[in-house]
Amino acid sequence: MHTTAHRRRLLSTAMVLILLTTACQVEPAADTPRWAGPGAAPLTPAGASAAPTVASPKASPADCPDPRPAPRSASSLDPTAASYLGRDGDDIATAVDVSNSCELVVGGRITGLTGGTTTTLGRGGAGAVVRLDGAGRRVLGITRLAGAVEDLEVRRDGGEIAVATDRGVWLLDARAGTARWQRGKSASRVAVGAAGTVAALSGTTVTVYDLKGATLATILPQGRTVSDVAVDDRSGLVFVSGFRQVQSGPCVPVQIAYVHAYDRRGKMRWRAYDHPADRLGDLCADSRADRVAMGRDGKLYLAGETAGGNSIFARSAADATRPAPNVVIDKFTQASNTSNAHYTYLARLDPASGRHLAGQVVISRIDSKGDKGNTIKPYAITADESGRVYAGGVSAYQIAERSRITLGGRRLAPYAGGDAWVLVLSADLRRRTSWVVFTDGGSGAVRGVAASSGVAAAVAKVDKGPFHRTRAVQSDAGGGYLAVWPGLP
């Protein structure tokens with residue numbers, strides 16, 4: 001017979017098991033919102049290969065930093081770290097992403113950097129994939145590859161790292177310690193979907209691979225320059241951006257931006273911009289779609305460039321006769337008094353249908369010349385889980401409140417020729433959370449941005465120092481640069 005004490009111990013153990021079992025049950029993820037308006041494309045288009053299964057988004061790991069409130073001023077930022085990367089003037093940091101364990105993954109041509117464990121794949125070389133902690137203060141590991149790392153993206157489910165180099169495209173494991181596979185001879189841009197679909201750009205050809213490296217499709221947009229690729233495994237689509245040169249119609253010659261969406265077999269499913277030359281009217285300013293990226297909010301983002309204010313970016317991506325849903329904040333978001341200045345255009349698109357959801361002009365101005373528009377070019381775009389937009393590039397004199405910008409509480413040196421800028425916009429594009437530069441008497445360009453789970457980062461090419469530095473892993477000058485700051489709630 002069991003004693004009373006023994007029965008109590010058995011009952012207590014049973015209750016603990018019940019509680020543990022209940023705690024381990026996970027509620028099913030809610031369905032991803034779908035655009036159901038006119039012109040919407042089905043999530044898996046008819047005749048397309050089915051997209052691989054995408055797991056529900058995971059909660060931020062416990063070791064991710066806590067998000068912080070937005071700074072009081074868009075001209076003020078408090079980086080957790082800002083550092084040079086590499087010892088050679090030819091070095092460059094080209095790309096950055098945030099892993100699902102909140103590590104930073106940086107790619108580029110980076111020599112001389114030390115820290116953590118060094119891994120060499122193949123013959124190795126100046127190409128590097130660098131992992132750092134989420135504050136950007138400690139190097140966790142460096143993986144050496146031959147050639148130079150031109151681009152990278154972290155798979156948001158499994159953590160693998162897709163890497164584009166001038167010696168081919170690689171898929172590395174989450175710690176960049178081993179290669180899952182390596183394909184091709186060169187690649188300039190790369191993207192990976194949550195389920196592992198990889199798209200790599202080489203010249204004007206986009207090759208689509210599955211998670212195991214098998215070729216699914218080869219995409220060659222005829223008569224078009226290709227600038228970037230993105231992948232959305234939820235819709236089963238691969239996105240290609242760039243421009244085409246037109247020698248006919250009312251605007252001769254003219255460059256016309258485009259974004260195309262293809263299924264995993266390489267069949268086109270929708271197109272944005274790419275209007276016929278005879279339908280441009282007086283929209284004769286050259287336009288290019290320089291960058292496309294899937295945001296962490298599940299939307300597609302475009303960073304474009306145009307030479308002058310009379311641009312197709314003033315019109316809907318689907319119809320050149322309709323106005324674009326552009327959001328204006330002030331004179332730095334208006335295409336006025338531009339002459340032929342090259343300015344930036346940012347857009348949010350629905351990935352399944354290509355519907356144009358929102359857009360904004362970004363232009364710099366010369367205050368000493370009656371606020372005449374000046375050149376500002378984009379090289380990177382992304383969005384965080386809440387839909388806040390992050391973009392970066394290089395700007396001529398000068399962005400808004402340039403003389404008042406402070407980093408870490410210290411005023412920056414005046415513009416010295418080519419500001420490396422980062423802009424953070426609220427999800428509705430109506431407010432600038434941050435618009436700052438990292439050049440502190442030097443010059444250069446931001447080449448990559450990332451934001452997720454309380455971490456935000458930008459990488460840059462240093463043409464001339466100094467850049468702002470704090471808690472640096474490398475304080476002396478090099479050709480690459482990394483700045484890290486807290487993400488927003």
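Me: Is cysteine 284 buried, partly exposed or exposed?
Reply: This is a predicted model, in which local features need pLDDT of at least 70, side-chain atom pairs count only at pLDDT 80 or more, and totals for chains, interfaces and linings use all residues. Residues are numbered from 1 along each chain as its sequence is written, and side-chain values use heavy atoms, with hydrogens and water left out. Buried means under 20% relative accessible area, exposed over 50%, and partly exposed in between (1.4 Å probe, protein chains only). Cysteine 284 has 34% relative accessibility, so the class is partly exposed.

Me: Which cysteine is joined to cysteine 284 by a disulfide?
Reply: A disulfide here is a pair of cysteine sulfur atoms within 2.5 Å. The S to S distance of this pair is 1.9 Å. The partner of cysteine 284 is cysteine 251.

Me: How many residues apart are cysteine 251 and cysteine 284?
Reply: The torsion about their S-S bond is about -60°, so this disulfide is left-handed. Helices (H or I, at least four residues) and strands (E, at least two) are DSSP runs, numbered from the N terminus. Cysteine 251 sits in the loop between β17 (237-246) and β18 (254-263), and cysteine 284 in the loop between β19 (268-273) and β20. The pair links distant parts of the chain, and the separation is 33 residues.

Me: What is the relative accessible area of cysteine 251?
Reply: Cysteine 251 counts as buried. Its relative accessible area is 4%.

Me: Is the link of cysteine 64 and cysteine 102 left-handed or right-handed?
Reply: The structure holds 2 disulfides. In the one formed by cysteine 64 and cysteine 102, the sulfur atoms are 1.7 Å apart. Both cysteine 64 and cysteine 102 are buried. The angle about the S-S bond is 90°, and the link is right-handed.

Me: What is the pairing when the bonded cysteines are numbered in sequence order?
Reply: A disulfide is a covalent bond between the sulfur atoms of two cysteines. Numbered in sequence order, the bonded cysteines of the protein chain give the pairing 1-2, 3-4.

Me: How many residues of strand β20 are buried?
Reply: Strand β20 covers residues 287-294. It is largely enclosed by the rest of the structure, because the buried residues number 7 of the 8.

Me: Which residue of β21 is the bridge partner of alanine 289?
Reply: Two strands pair if DSSP finds at least two bridges between them. β20 and β21 (residues 300-307) pair in the antiparallel sense over 7 bridges. They form a hairpin with 5 residues between them, and glycine 298 in the turn has a positive phi of about 85°. The bridge partner of alanine 289 is glycine 304.

Me: Which residue in β29 stands opposite leucine 407?
Reply: An open sheet of 3 strands has the order β1-β28-β29, with mixed pairing. Its edge strands are β1 (76-77) and β29 (410-411), each pairing on one side only. Strand β28 (residues 406-407) and β29 pair in the antiparallel sense over 2 bridges. Opposite leucine 407 stands arginine 410.

Me: What is the relative accessibility of proline 221?
Reply: Proline 221 is in the loop between β15 (215-219) and β16 (225-232). Contact means heavy atoms within 4.5 Å. Leaving aside neighbours within four places in sequence, proline 221 is in contact with Thr204, Val226, Val240, Tyr258 and Tyr262. Proline 221 counts as buried, at a relative accessibility of 6%.

Me: Which residue has its backbone oxygen 2.6 Å from a polar atom of the side chain of asparagine 374?
Reply: Asparagine 374 belongs to strand β25 (residues 372-374). With a relative accessible area of 17%, asparagine 374 is buried. Not counting residues up to four places away in sequence, asparagine 374 touches Ala341, His342 and Ile363, among others. The backbone oxygen at 2.6 Å is that of tyrosine 397.

Me: Over which residues does pLDDT stay under 50, with 31 contacts beyond four places in sequence?
Reply: pLDDT is the predictor's confidence in each residue, from 0 to 100. The chain mean is 88, and 87% of its residues reach 70 or more. Where pLDDT is low, the predicted coordinates should not be read in detail. The stretch under 50 with 31 such contacts is residues 1-49.

Key
A polar contact is a pair of N or O atoms within 3.5 Å; within protein, one must be able to donate a hydrogen and the other to accept it, and residues adjacent in sequence count only if both atoms are side-chain atoms.
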